[in-house]
Each structure stands twice: as C-alpha cells, then as structure tokens.
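Please keep the sequence and the structure in view while reading.

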Amino acid sequence: MYNYDIPAARAGSDSVKWHVVADGVIPMWVADMDIQAAPPVVQAVQQRAAHPYYGYPYTEDELKNPIIAHYKKLYGAEIDPEWLVFVPSVMPGVAAALRMAGGDFMYSVPMYDHIRALYKETGLTVIEVPMQRDENCRYTLDIPALEAAITPAVRAMILCNPHNPVGRVFSREELLELYALCEKHGLLLISDEIHCEFALDVPHVPFFSVSEDAAQHSVTVCSAGKICNIPGLPLGFAVIPNAELRAKFIKQLDGLQACPNVLTLAAYEKAYDGSCDDWKDGLRDYLRGNRDIAEARFNAIPGVRTGHNEGTYLLWVDCSALGLEDPAKFFLDNARVRVNSGAMYGDVQHIRFNYGCPRAQMVEAIDRMEAALKARAAE
Ligand SMILES: Cc1ncc(COP(=O)(O)O)c(C=O)c1O
C-alpha cells in the first residue's frame with residue numbers, strides 16, 4: 001500500500017508551484033502533483049545517481065521496449081519501434097509537428113495555455129473554435145463549428161486528450177468523428193496525450209490506435225511526466241506510424257531529437273516497465289476520491305459550478321455567476337489559495353483547480369475558498 005496523504009514538503013525541490021508558499025498561500029495551480037513521485041522511479045534515479053559514471057547513454061531499445069509493452073498492455077495498441085521518436089518534452093514535439101504541417105492550425109477552446117502560445121512560438125496562424133457545453137458543464141468538440149472555421153490555409157488540428165482544462169476523455173467515436181473531419185480537409189491531427197494515464201472513468205484511446213488511416217495521418221505525443229510526477233525530468237516521445245511524416249518530423253526537430261540523460265533514462269524505464277503499476281492504480285483511486293469531494297464541494301457553493309472530471313487532476317470551475325471581475329485573483333487575495341485563472345485557457349470567468357495533492361491540502365484550500373465567498377456575501 002502506498003501513502004498518498006503525506007503532506008507536501010517541497011522546500012528545496014526547486015518547485016515553481018511552491019515559490020509562493022512563504023506567504024502561507026496554498027498552491028493549487030501549476031499542473032504537477034503535491035504527491036511524491038512514483039517510488040520505483042525515485043529509487044531508480046537515486047541508484048543511478050549514485051553510480052559515478054555519467055557518460056553518453058545508449059537509449060534506443062532500453063527505452064522503446066518498455067513503452068511498446070506498456071501500450072500493448074494498457075490499451076491493446078501495437079507500436080512498431082520505428083514509429084517512436086524521442087523529443088525533449090511534449091511541447092517541443094507538438095511544436096515540431098505543427099511546423100512540419102506548415103500552415104495555419106486550429107483547435108477547440110478552452111485549451112491548455114502552452115498550446116495557445118504555439119502561434120507565437122511557431123509564427124503560424126491559429127484559429128480557435130469554442131467547444132460546446134451542455135447544462136451539466138460537459139464539453140464536447142463542436143465538429144460543425146470546426147468545419148465552418150476551416151480555411152484552405154489550415155493544415156493541422158491539435159487535440160488535447162484527456163483534455164486540459166475541461167477534463168474530458170474523448171471516446172473512440174468522438175475521435176473517429178474528429179478524424180473524419182481532418183481526413184476530409186487533409187489536416188494533420190496532432191494529439192497531445194500527456195494526461196493519458198489519468199483517464200479516471202473510461203479508458204483512454206490513443207489517437208494512433210483509432211484506425212489504420214488515422215495512424216497514418218497523425219502525430220501522437222506523450223510522456224511519463226504527469227503520471228509519475230516527474231516533469232522536472234523532461235522527456236517525451238512521438239508516435240508517428242507514417243514513415244514520410246516521421247522523416248519530416250525528425251527534420252523539424254532540427255538536431256533537437258532528445259537523447260535522454262542517464263537519470264531520465266533510469267526514471268522512464270521504471271515508469272513504463274510495469275514497476276509502477278500498483279502505485280499508478282492506487283494514485284488513480286486516490287484522485288477519484290479527491291475529485292468526487294472537490295466536485296461536490298464546489299457545486300454546493302452558491303454561484304460556483306463544475307462538471308464531471310473524467311480525466312487529468314485539473315478541475316475546470318465556472319465562477320461566472322459570482323459576478324467577480326477576476327475569480328482567480330479574488331481567491332488569491334481573499335482565500336490565500338492560488339489557482340490558475342481561466343483567462344490562460346480562454347475564459348477568465350473560470351478557474352482551474354489542481355486536485356493532485358494530499359486530500360487534507362485540497363480540503364483546506366476549498367474550505368478557505370468557500371469561507372472567502374461567504375464573507376463576501378455577508379458584506
Ligand atoms: C496538455 C499538456 N501538454 C503538455 C504539457 C507540458 O508538457 P512538457 O512539460 O512535457 O513539455 C502539459 C503540462 O501541464 C499539459 O497539460
């Protein structure tokens with residue numbers, strides 16, 4: 001049994017999320033977890049660090065084989081070793097795929113902020129299309145709206161699945177429908193699946209596995225950064241079944257094809273070789289518990305609403321009925337809780353609340369937020 005309740009003690013860990021903690025602020029923002037990294041990974045890194053040779057590593061099979069076995073076991077998805085290309089981390093992989101497509105690109109909003117920043121980084125033009133939201137705050141891709149927004153200059157579609165920030169895990173049917181649109185208009189589908197092992201209710205479907213044709217016209221990018229809580233040991237991999245696309249992608253990396261360092265290599269072998277399976281299962285159970293409490297608590301606060309989070313550990317909370325100019329700022333100033341402002345993802349009237357932390361920390365944060373709103377209502 002693993003203990004996910006250990007209070008976060010991140011002083012000295014160079015955490016960007018916790019640099020505000022001196023103020024007594026509870027940090028519920030940046031998407032890493034306040035839960036210790038997977039113990040088999042920690043052990044492997046410590047053991048490797050103790051070995052006093054840090055020469056150039058040999059990586060290919062040592063790393064590819066566990067990833068291939070993992071995808072087969074978890075998703076029943078076959079990966080040919082040739083299809084795997086290592087990248088410095090997920091975002092450089094997504095950016096390289098975009099540059100390879102070489103035209104305008106589009107995606108549905110809300111959307112993860114670094115994807116929203118890609119137009120600046122690549123110099124390409126972006127089209128953002130709102131998702132549909134139903135009365136239960138459940139989001140779906142608006143395929144007709146996406147189609148209506150396509151111009152002849154659009155060459156690529158970015159998907160984030162599981163979705164940051166709306167927490168959807170898209171079904172095979174939804175993925176096929178999106179692919180049909182991309183196929184009709186000749187768009188490359190780039191699927192960011194960094195949160196794939198946080199599918200909490202329904203199975204995740206890797207994009208390259210939805211159909212043979214989809215595999216041939218897509219780039220799927222992933223990493224163990226989120227699931228093992230090791231984003232500070234950066235690495236990612238792209239799955240590109242189409243040889244021609246793969247060659248173009250590697251060219252776009254422009255010499256930046258990742259050669260994992262020896263510590264990352266040790267971490268990633270353990271992340272995918274099955275050593276962390278029990279820890280990951282326990283983590284998902286724990287996060288389901290956090291999620292259920294967070295959803296119930298937020299939905300019980302007047303003026304606050306959230307939908308059901310199917311994946312990630314990030315809750316997208318609608319604060320529009322509170323009548324606040326900037327809800328995230330309100331919670332920082334009045335509750336001493338730091339959440340991400342929805343403005344980063346395309347809607348300032350939402351907040352993104354990271355529940356990947358010990359339960360007591362999460363409950364304390366929600367207690368403070370609720371108390372701050374009560375105090376405001378009483379004024
Ligand atoms: C959807 C998504 N993609 C990519 C990243 C970052 O990936 P990396 O640090 O591997 O570049 C994040 C981090 O929060 C994310 O949520």
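**From a strand pair to the whole chain**

E14 and strand E15 (residues 350-354) pair in the antiparallel sense over two bridges. Strands count as paired if DSSP finds at least two bridges between them; helices (H or I, at least four residues) and strands (E, at least two) are DSSP runs numbered from the N terminus. The model is a predicted one, in which local features need pLDDT of at least 70 and side-chain atom pairs count only at pLDDT 80 or more, while totals for chains, interfaces and linings use all residues. Numbering starts from 1 along each chain as its sequence is written.

Within this strand pair, Ser341 has Ile351 of E15 as its bridge partner. The two strands belong to an open sheet of four strands, ordered E11-E12-E15-E14 with antiparallel pairing. Because E11 and strand E14 (340-341) stand at the edges with a single partner strand each, one side of each is left without a neighbour in the sheet. In general, strands of a sheet pair through backbone hydrogen bonds, either parallel or antiparallel.

The chain is assigned two domains, domain 1 (21-36 + 277-378) and domain 2 (44-272); such bounds come from an automatic or database domain assignment. Their centres, taken over C-alpha atoms, are separated by 26 Å. Across the boundary, 27 residues of domain 1 are in contact with 26 residues of domain 2, contact being defined as C-beta atoms, placed from the backbone, within 7 Å. On the side of domain 1 that touches domain 2, helix H11 (277-299), strand E11 (305-306) and strand E12 (314-318) each supply at least two residues. H11 gives the largest share of that side, five residues.

What lies between the domains? A nonpolar core is a set of buried Ala, Val, Leu, Ile, Met, Phe, Trp, Tyr and Cys residues joined through C-beta atoms within 7 Å. This core has 119 residues, of which Val41, Val94, Ala97 and Ile158 touch the most other members. Helix H3 (residues 90-101) gives the most to the core, with nine residues.

Val94 touches Ile115, Leu118, Ile158, Ile190, Asp192 and Val221, leaving out residues up to four places away in sequence. Leu118 is found in helix H5 (residues 118-122). With 21 other C-beta atoms within 10 Å, Leu118 is buried; the term requires 20 or more, whereas exposed means 12 or fewer and partly exposed lies in between, with C-beta atoms placed from the backbone. Beyond its neighbours within four places in sequence, Leu118 is in contact with Val94, Ala95 and Leu98.

The ligand is surrounded by 14 residues, the closest being Ala31, Ser89, Val90, Met91 and Asn164.

Finally, the backbone deserves attention. Most residues other than glycine have a negative phi, and most peptide bonds are trans. A cis peptide bond joins Val109 and Pro110, with omega about 5°, and Pro110 lies in the loop between strand E3 (104-109) and helix H4 (113-116). The bond from Asn161 to Pro162 is also cis, with omega near -10°. Cys137, a residue other than glycine, has a positive phi near 60°. Cys137 counts as partly exposed, because 17 C-beta neighbours lie inside 10 Å.

Key: Contact = placed C-beta atoms within 7 Å. Near = placed C-beta within 6 Å.
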